Amino acid sequence: MLALATLGTIIVSCEPDTAGAGNGLEDPNVDASFTIIPVAGKVNTYLLEPVKKNVLTSYWKVGKVEYYGKMELEISLPDKGTYKIVHTAVGRGGKTNATTQDLVVAANDPEKGNLVKGSSFLDAADQAQWTNLHLNTNGLASWTFTPGFATINASGTTWNQEGIYQAIDVVKDKEYTIDMFVAATSGSPDFWFEVYAGKTVPTSGVEYGDNKVMGLSSGDGCGKAAFEGKLSLVGCVKNTVAGKVSNVVKFTESGKVYLVIRSGGNGFTPTGIKITEVEFRGK
């Protein structure tokens, strides 16, 4: 009987003294502070390093782009400007704290400068850099421009699609990367969103298919739910040349190639797919 009484005492003593006091497994003071360290030998490249005190994992947001589950993160910022960096630290019990720093990049990276004109669709001058492919004549698919974004909408059940493009000058055997910010507030059950970089000159009314680089599609298993982020991170369409998911391209001769963005489907998100910050850069 004495042993049972003692056990009962132990069980009671484990209860919190005050209602709502918890079990002590959460850490409300998880430290989200971090340092920004220029990486030696690399232009406009920085290491984001958290203090790591009581931190189990980290989440980062650099501008619009989010990175999940990386304790330390190396970032490359080829374009000059001021970038807002948010670090969210996760501690015991899932408790989170966040801190923010601004990173000022003083100059463009001369090797990785963006070759896309009107990359962010900020105004009429930006938007005029893009040409419509006129793949749709029934009005059920179209690209529209608003300050800061281009949006593709497609409706109906007859595989409506539309594309936009611009010419890019490239150098033989030089590697380039292509990327963009993409977002949709709801997924698409039956669709594609594809990016091409081909030598073939786009022809009005003709579906483009030269050198598919990257994208999203329900058939490949992505974009069925809402998404937001860099296409290189959220996309799942294979690069035709590489035979795997990759945003790297290289060309056998110098001259013009055509960056084409083509999207449509038989079941398309009613809110459309938005893009901005389109990039075509030296690697």
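Tutor: The link of cysteine 222 and cysteine 236 is left-handed, with -85° about the S-S bond. In general, a disulfide is a covalent bond between the sulfur atoms of two cysteines. Here the term is applied to a pair of cysteine sulfur atoms within 2.5 Å, and the S to S distance between cysteine 222 and cysteine 236 is 2.1 Å. A search of the whole structure finds one disulfide.

The model is predicted: local features need pLDDT of at least 70, side-chain atom pairs count only at pLDDT 80 or more, and totals for chains, interfaces and linings use all residues. Residues are numbered from 1 along each chain as its sequence is written, and side-chain values use heavy atoms, with hydrogens and water left out.

Now the location. Cysteine 222 sits in the loop between strand 14 (212-217) and strand 15 (227-230), and cysteine 236 in the loop between helix 3 (231-234) and strand 16 (248-250), so the bond ties together parts that are 14 residues apart in sequence. Helices (H or I, at least four residues) and strands (E, at least two) are DSSP runs, numbered from the N terminus. Both cysteine 222 and cysteine 236 are buried. Buried means under 20% relative accessible area, exposed over 50%, and partly exposed in between, with a 1.4 Å probe and protein chains only.

The phi of asparagine 211 is near 65°, a positive value in a residue other than glycine. Asparagine 211 counts as buried, at 17% relative accessibility.

Next, the nonpolar cores. Such a core is a set of buried Ala, Val, Leu, Ile, Met, Phe, Trp, Tyr and Cys residues joined through side-chain atoms within 4.5 Å. The largest one has 37 residues, and Phe193, Ile275 and Phe280 have the most contacts inside it. Strand 14 is among the strands that each supply at least two residues of this core, as are strand 13 (190-198) and strand 18 (273-282). Strand 12 gives the largest share, five residues. A second, separate core has twelve residues, including Leu48, Leu77, Tyr83 and Val105.

Elsewhere, asparagine 44 lies in the loop between strand 1 (34-38) and strand 2 (45-50). Its phi is near 50°, again positive in a residue other than glycine. Asparagine 44 is buried, with a relative accessible area of 14%.
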